[in-house]
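Here is my notebook from a first look around.

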Amino acid sequence: RGKERIISALNYFGGGMDNSVATLASVIQLALGPVFLLAGIAGFLNVMSSRLGRIIDRARQVEGMLRALSDETLLAKADAELRLLWRRTDIINKSIGYCVASGLCVCIVVVGVFIGDFWHLPLAQAVVALFVFALLFLIVSLVLFLREIKLATHVLKPGGIIENIKS
């Protein structure tokens, strides 16, 4: 009796499925674009996590210098750099969060494409909305990333914070 219920449930949920190879190939082709976007998002996450690690390493180095410095001018510069590093950390963390949200939306889009097609569910509007949200999250992430890069390169200009700090 339990086996019959399981078979009945599978038939109910899978009853509308079109299992032909041509249909499957069509759905895979439809899902391919978002999958490439997901690969790009993964690469972008790798770049940002590497930057975050480097920022944190530098912050630890500057914190160590703060304990060893006694010159007020160098202390002020090191403290300013440390505040900038923590600001950059905050910005890159937000960028990573938006990028992850984008990737999750893309994953749900791919799942929605398969489920909608195989079970003939009207998910087109939800898939489009999620894809738009994925792109919006990615745009916010890229803008934050650009902001973090501008902060990082601003201090390298003449008169920037980190001139003449000895490590």
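Predicted model: local features only at pLDDT ≥ 70, side-chain atom pairs only at ≥ 80, totals over all residues.

**Entry 1: the cysteines.** I began with Cys-107, which is partly exposed, at a relative accessible area of 33%. Then I turned to Cys-105, which is buried, with a relative accessible area of 9%.

How far is the sulfur of Cys-105 from the closest cysteine sulfur? I found 9.4 Å, with Cys-107 as the partner, and that is too far for a bond. For a disulfide, the two sulfur atoms would have to lie within 2.5 Å.

**Entry 2: the fold.** Next I listed the elements. The protein chain has four helices and zero strands, so in order from the N terminus I wrote down α-α-α-α.

Helix α4 has 31 residues and should span 45 Å at 1.5 Å a residue. Its end C-alpha atoms are 45 Å apart, which agrees with that expectation.

**Entry 3: aromatic rings.** How many aromatic pairs does a search of the whole structure find? I got four. One of them joins Phe-44 and Phe-145, whose ring centres are 5.1 Å apart with 90° between the planes, making the pair edge-to-face. Phe-44 belongs to helix α2 (residues 21-68) and Phe-145 to helix α4 (residues 124-154), so this pair ties together parts that are 101 residues apart in sequence. I looked up their burial as well: Phe-44 and Phe-145 are both buried.

I also spotted a cluster, in which ring pairs link Tyr-98, Phe-133 and Phe-137.

Entry 4: I went back to α4 and asked which of its residues are buried. Phe-145 is among them, and so are Val-127, Ala-134, Leu-138 and Leu-144. I also noted Ser-141 and Glu-148 as buried residues of α4.

For the protein chain as a whole, buried residues make up 29% of the 167 residues. The accessible surface is about 10700 Å², and carbon and sulfur atoms hold 66% of that.

Conventions. Residues numbered from 1 in each chain as written. Heavy atoms only, no water. Phe/Tyr/Trp six-rings, centres within 6.5 Å; stacked < 30°, edge-to-face > 60°. Helix = DSSP H or I, 4+ residues; strand = E, 2+ residues; numbered from the N terminus. Buried < 20%, exposed > 50% of the residue type's maximum accessible area, 1.4 Å probe, protein only. Areas by Shrake-Rupley, 256 points an atom, 1.4 Å probe, with all protein chains shown as cover. Expected span 1.5 Å × (residues − 1).
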